[in-house]
Amino acid sequence: MKIMIFGSKGYIGGHLRMRYPEAICPTTDIADAVGVASLLDEHHPDIVINAAGKTGRPNVDWCEDHKQETIHSNVLGPLVLLDACAKKNIYWVHLGSGCIYQGDKNGAGFTEEDPPNFFGSFYSRTKAWSDQMLSEFPLLNLRLRMPFDASNEPRNLINKLVRYTRVLDVKNSLTFIPDFLDVLDQLITKKTTGTFNVVNPGSISPYEMMEQYKKIVDPSHAFEHLTLDHLSDVTKAGRSNCILSTEKLKSQGILLSSVQDRVKEALETMHTKK
Ligand SMILES: NC(=O)c1ccc[n+]([C@@H]2O[C@H](COP(=O)([O-])OP(=O)(O)OC[C@H]3O[C@@H](n4cnc5c(N)ncnc54)[C@H](OP(=O)(O)O)[C@@H]3O)[C@@H](O)[C@H]2O)c1
């Protein structure tokens with residue numbers, strides 16, 4: 001199967017490139033309708049994966065001051081891909097985000113049918129807008145959250161948290177990237193469409209992760225508690241803290257290991273690689 005990956009130079013895109021080394025990886029702007037159409041004409045991919053988007057550097061606060069670039073890539077770009085793939089009847093996959101929710105829905109976790117309820121950052125708003133628009137169409141929309149793995153990449157959540165002196169003690173859903181890649185593989189093989197929360201079952205807080213990091217990887221690591229009411233001391237925009245339901249993924253016969261197990265596994269691998 002011929003796969004085309006947009007955004008292959010990014011963090012998740014790099015993982016996709018490793019998973020699909022034969023994939024075509026253009027650097028065309030996904031919001032350039034003419035450029036995207038001519039690429040599809042030239043290569044005739046069976047599957048298009050959109051891992052392109054503005055996520056901000058060093059973090060999503062960047063999007064607050066770069067709204068035009070952010071909406072261009074996170075809303076206009078996905079709409080151009082939607083149109084271009086529909087015209088050529090190409091199956092495509094969009095990388096959405098679970099950072100469009102706040103809370104745990106009274107313990108149940110947010111399902112794919114729940115409307116977004118977090119609008120505290122421009123990044124999250126653009127992800128919510130595109131999520132809701134795309135949900136009307138037959139593509140595969142995979143929502144990730146705070147992805148992590150055992151790599152030393154700076155955007156791996158574990159490495160991000162290690163750089164912070166204060167970390168939040170609020171439980172969240174997270175995505176272990178190797179599991180995400182397996183889920184993607186299973187769903188694209190069946191050409192599944194629809195929106196899916198691709199997170200590991202259960203939840204964990206950044207603070208708990210750093211406690212484990214200290215225990216397993218680096219006993220000298222120092223960090224402090226950050227409470228939600230002090231979050232605005234260190235961020236410009238709000239941050240989503242949420243728990244997502246994994247029932248829909250289970251209904252596809254996809255059972256992932258718990259987030260607690262995957263965090264421990266990633267930390268043990270990091271320790272071994274040290
Ligand atoms: N990492 C996360 O925490 C996370 C969580 C949930 C969902 N996601 C979603 O997953 C996707 C990939 O995230 P990531 O972490 O891999 O982000 P990333 O490291 O910032 O990579 C995104 C890539 O897309 C490129 N890009 C931006 N706008 C583009 C455009 N208009 N046309 C073509 N390429 C463009 C970027 O290039 P430039 O650097 O030149 O802009 C970058 O190479 C995003 O949609 C993100 O919202 C990420």
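**Close-ups of a predicted model**

**View 1. Helix H4 passes helix H5 in a right-handed crossing.** Helix H4 covers residues 67–87 and helix H5 covers residues 122–134; their axes sit 10 Å apart, at an angle of about 15°. Angles under 35 degrees count as roughly parallel, so H4 is roughly parallel to H5.

**View 2. Here are the residues where H4 and H5 touch.** On the H4 side, look for Lys67, Thr70, Ile71, Asn74, Val75, Pro78, Leu79 and Leu82. H5 answers with Phe122, Tyr123, Thr126, Lys127, Trp129, Ser130, Met133 and Leu134. Sort the residues of this contact by class and you get 10 nonpolar, 4 polar and 2 charged.

**View 3. Thr70 is a buried residue of helix H4.** Thr70 has 23 C-beta neighbours inside 10 Å, and 20 or more is enough to count, so Thr70 is called buried. Leaving out residues up to four places away in sequence, Thr70 touches Lys54, Cys63, Phe122, Tyr123 and Thr126. Lys248, by contrast, is 178 residues from Thr70 in sequence, with 29 Å between their C-alpha atoms.

Notes: Residues are numbered from 1 along each chain as its sequence is written. This is a predicted model: local features need pLDDT of at least 70, side-chain atom pairs count only at pLDDT 80 or more; totals for chains, interfaces and linings use all residues. Axes are lines fitted to C-alpha atoms, for helices over the stretch in contact, and angles run from 0 to 180 degrees between N-to-C directions. Helices (H or I, at least four residues) and strands (E, at least two) are DSSP runs, numbered from the N terminus. Angles under 35 degrees count as roughly parallel, over 145 as roughly antiparallel, 65 to 115 as roughly perpendicular and the rest as oblique. A crossing is left-handed if the near helix is turned anticlockwise from the far one by less than a right angle, and right-handed if clockwise. Two residues are in contact if their C-beta atoms, placed from the backbone, lie within 7 Å. Ala, Val, Leu, Ile, Met, Phe, Trp, Tyr, Cys and Pro count as nonpolar, Asp, Glu, Lys and Arg as charged, and the others, Gly among them, as polar. A residue is buried if 20 or more other C-beta atoms lie within 10 Å of its own, exposed if 12 or fewer, and partly exposed in between; C-beta atoms are placed from the backbone.
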